[in-house]
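Good morning, colleagues. Please look at the structure on the screen before I take you through it.

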Amino acid sequence: MTRQESVPVNAGSDYAVEMRNISKSFGDVKANEDVHLAVRKGSIHCLIGENGAGKSTLMSILYGIIQPDAGEIYVNGRRCVIRNPREANALGIGMVHQHFQLVDSFTVAENVVFGKEPRKGWLTDRRKAAEITRKLSEEYGLKVDPAAKIADLPVGIRQRVELLKALHKGSDILILDEPTAVLTPQETKELFATLRNLVAGGKTVILITHKMEEVMSVSDRVTVLRRGKTVGTMERSECDEHKLSLMMVGRQVEAHLPKPEMPQGKAVLEVSGVKVGGAQGTLSVRGVSFTVREGEIVTIAGVEGNGQSELVEALTGLRPVLEGRVSVGGRDVTNQSPAAIRRAGLAHVPSDRIAMGLSVGQSLEENAVAGHHRMRPFRRGWLMNHREIRKFTESLIGQFDVRCGGSSVAAGTLSGGNMQKLVIAREMSYGARFLLASLPTRGIDIGASELVHKHLIEARNAGTGILVVSTDLDEVFRISDRILVMYNGEVVGEFRADATTREELGLYMIGARRQQEAIAGGEAI
Amino acid sequence: MTAPASAQPSAPVMRLLRRLYGLATSRESVSVLVSVLLTLVVGGVLVVINGDNPFVVYRSLFVHAFGSMQNLTNTLAAATPLIFTGLAVGISFRAGVWNIGAEGQLYLGAMGGAIVGVYLTNLWAPMHIALSLAVAMVCGGLWAWIMGFLKTKWNVDEVVTTMMGNYIAIHFTSYLANYPLKPPKAPIGSTDYVQESAQLPQFVPYSTLNAGFVIAIATAVVYWIFYRYTTTGYQMRTVGYNRLFARYAGMPSGRMILWAMFGSGALAGLAGCVEVLGVQYRFVQDMSPNYGFDGILVALLAMNSGPGIVLVAILFGALRSGGLGVERMTNVPSELSIVLTSVLILLVSSRYALVKLFRKERGTRA
């Protein structure tokens with residue numbers, strides 16, 4: 001580990017934040033070990049690293065959510081102990097969490113002033129709140145309608161509200177935890193422009209991310225963490241994507257994954273004319289037909305919220321199919337129970353690993369055996385065979401490099417990427433002929449994504465038919481044989497992965513183009 | 001960094017020791033222990049205010065709960081129905097359903113068991129007892145099952161239905177005991193006495209401790225094995241932790257909830273039946289001093305663990321029987337035990353805050 005900063009204690013004025021020798025352990029896991037971070041005033045500083053590298057822990061320490069075991073924090077050159085978020089706010093530190101903390105039924109203005117309201121007697125002065133919001137919004141170029149209800153706003157706007165909220169509290173140092181995870185490319189561009197603006201106005205921004213392109217496009221400086229330690233800090237001009245990814249994962253990422261041609265196999269999933277309901281009697285999926293065959297990876301690309309998640313739920317038995325037919329492995333499973341569809345040959349990696357993919361309060365063993373638990377060797381008559389379950393879990397942990405404190409710890413103690421590895425490990429272990437993976441690499445780092453992709457392709461080469469829902473075009477091109485684009489509840493285009501471009505897909509994704517008579521039955525290729 | 005090698009011959013023993021150590025030092029256990037100690041302090045202060053020496057009172061409480069064979073058997077007898085109702089409630093809580101209706105299910109079980117005990121004659125005693133217990137379980141179980149059915153079918157909140165079900169069950173059995181089944185000349189609403197062949201044998205003279213206690217312990221063992229080792233227990237537990245996950249993984253979550261409710265009601269019914277066959281020898285209206293509701297407290301304090309429920313039930317039983325002794329020997333009223341119980345529940349419910357207070361600023365996530 002190299003120690004990048006060796007500034008004497010009082011030269012702090014250059015740095016808005018300096019964290020030195022920060023260490024923090026959770027049980028046996030060292031989340032942060034002797035970490036250094038120095039953020040120059042008026043700059044955008046990216047904190048990059050794999051999941052579980054300790055980025056969030058470090059920022060939680062800076063924001064006072066958790067206390068370090070050792071180390072010192074300097075804010076604007078002054079040594080501070082930050083015991084809770086309120087003290088962080090008082091020091092001018094604000095945080096925009098990955099999961100927004102807004103009140104849905106309140107207006108934008110009410111949310112912005114929440115916790116520091118202008119008062120009129122005992123009540124909140126709503127007019128003044130709106131005024132404050134408008135002023136802040138103009139000052140920083142964050143366009144919002146102060147009177148709109150949060151519930152009616154898209155995520156991009158909600159994020160602006162979070163930023164305004166932090167600014168209203170007088171934050172000069174803004175921490176953003178993976179702010180682009182929920183944004184469209186367009187919204188991301190706007191966000192970055194805003195951040196540039198803020199920095200030009202004297203604010204300091206710390207951006208947690210694991211996306212290389214963001215580092216390259218927006219940061220001034222970068223600090224890389226790996227496995228709880230600082231790998232190094234660099235000016236953006238000194239680094240390139242190649243060097244950064246090497247620092248992050250400790251080795252080089254393969255750009256292309258070899259995919260041998262596969263003979264056309266039997267259909268494992270046939271969807272015809274499926275319609276699925278959405279909120280308030282609307283249709284989320286409006287008549288979709290396609291086929292997935294053995295030995296191919298079909299990807300559904302599209303901007304989030306175009307019916308993909310409803311389609312996935314309908315295919316897996318978690319939401320009723322209103323019209324049409326679904327068959328898995330040649331068996332009609334329309335509106336059957338999740339258990340019956342699994343018996344027909346489905347394995348499913350859901351997009352929300354915490355709500356659905358895992359039971360975070362139970363042990364890794366109990367999570368790994370779910371779905372297998374009625375099969376040999378994991379049961380002996382009425383009883384569970386704990387020894388076999390442990391062996392099985394340990395083998396999954398080994399194969400998928402799940403970093404954890406042993407097979408008996410609660411799944412909730414894992415970091416996001418390791419949770420996802422566990423889910424994928426379990427779903428792969430069924431040996432199912434059809435695998436449905438929804439946003440399989442969302443919120444996980446390069447190393448873990450690479451591993452996931454490698455396993456998906458291995459499964460494809462072994463003859464599994466795979467359907468992936470993805471919003472990440474890098475991923476789409478990396479793994480697909482065929483690509484379907486979903487827009488507004490319909491499949492608007494179908495492509496061979498080697499016969500299309502990002503630009504072409506982009507046009508279909510935003511609804512600017514659609515193929516005539518799009519893909520009846522999915523037999524086109 | 002993690003998991004020492006487990007290949008040594010003593011590995012299972014080491015694992016057991018580590019687990020026990022972990023259990024003893026876990027946040028849960030420490031917090032419960034702190035709560036118990038604080039409860040004693042609070043109770044002590046009240047005793048001092050009342051003008052007594054808390055040490056004398058506590059000593060007397062202890063002696064009257066455990067001091068002699070007689071006292072010990074009284075304590076265990078008082079604990080018996082609470083073990084049943086605690087387990088009953090624990091089953092449903094583990095499966096993520098909130099059966100608040102153990103009280104009513106207890107009455108139905110008591111009535112069902114009493115009817116079998118009174119009106120079937122000429123049976124071999126073990127057979128008679130077993131039949132009586134089985135009918136009691138079916139009565140209590142079916143009643144709870146109905147609430148489970150409403151929940152899985154139409155998503156009707158089981159807290160409300162089981163709560164309301166209590167009144168229906170209690171008043172229905174009370175009607176039976178006051179009208180159709182009431183023997184002539186009986187002073188209060190009750191059934192006739194059960195046949196001798198249906199009575200549970202007693203162990204110690206002058207004590208109500210009977211074979212019901214053994215049945216309670218056996219039930220607790222089954223409960224423990226069920227949730228720890230059986231596949232169905234695992235499915236039920238998983239449904240309790242995360243119903244969506246259970247459904248996604250292909251577990252029959254609806255069926256698990258129905259079974260959990262049935263089992264819960266069945267054990268509550270057993271509590272009532274054992275009270276009839278072993279203590280009262282007949283169904284009597286208002287026979288339960290809130291055993292069903294106390295079962296909720298027992299399960300909560302024990303965090304639904306089988307052995308924990310037995311221990312907490314015995315603690316409650318000790319407070320109850322010891323409290324009576326204290327009243328006889330000092331001028332502290334037996335309500336002291338109610339006060340202690342209530343304070344304990346209050347403290348345990350807020351135990352996380354307590355532990356935080358004690359480990360201030362250390363911020364460890366044990």
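What should the 16 residues of helix 6 of chain A span, at 1.5 Å a residue? Please bear in mind that this is a predicted model. Helix 6, residues 185–200 of chain A, should span 22 Å, and its end C-alpha atoms are 23 Å apart, which agrees.

Let us stay with this helix. Its buried residues are Thr188(A), Leu191(A), Leu195(A) and Leu198(A). They cover an arc of only 80 degrees around the axis, so they sit on the same side of helix 6 of chain A. The face turned away from that buried side carries the exposed residues Gln186(A), Ala193(A) and Ala200(A). The cover over the buried residues includes strand 3, helix 4, helix 5, strand 10 and helix 7 of chain A. Just after helix 6 of chain A, Gly202(A) adopts a positive phi of about 100 degrees.

I turn now to the sheet. In chain A, six strands form an open sheet with mixed pairing, in the order 6-9-10-3-11-12. Strand 6 and strand 12 of chain A are the edge strands, each pairing on one side only. From one strand to the next, the twist averages 20 degrees. Strands 11 and 12 of chain A run antiparallel and are joined by six bridges; Val224(A) stands opposite Gly232(A) in strand 12 of chain A. Helix 5 of chain A lies across strands 6 and 9 of chain A, at about 165 degrees to strand 6.

Finally, the interface. Here 20 residues of chain B are in contact with 27 residues of chain A. On the chain B side, helix 9 and helix 10 of chain B are the elements giving two or more residues. The residues of that side divide into ten nonpolar, seven polar and three charged.

Technical notes
Residues are numbered from 1 along each chain as its sequence is written. Chains are lettered from A and ligands numbered from 1 in the order in which they are written. This is a predicted model: local features need pLDDT of at least 70, side-chain atom pairs count only at pLDDT 80 or more; totals for chains, interfaces and linings use all residues. Helices (H or I, at least four residues) and strands (E, at least two) are DSSP runs, numbered from the N terminus. The expected span of a helix is 1.5 Å times one less than its number of residues. A residue is buried if 20 or more other C-beta atoms lie within 10 Å of its own, exposed if 12 or fewer, and partly exposed in between; C-beta atoms are placed from the backbone. The arc is that of the directions from the helix axis to the C-beta atoms. Two residues are in contact if their C-beta atoms, placed from the backbone, lie within 7 Å. Ala, Val, Leu, Ile, Met, Phe, Trp, Tyr, Cys and Pro count as nonpolar, Asp, Glu, Lys and Arg as charged, and the others, Gly among them, as polar. Two strands pair if DSSP finds at least two bridges between them. Axes are lines fitted to C-alpha atoms, for helices over the stretch in contact, and angles run from 0 to 180 degrees between N-to-C directions.
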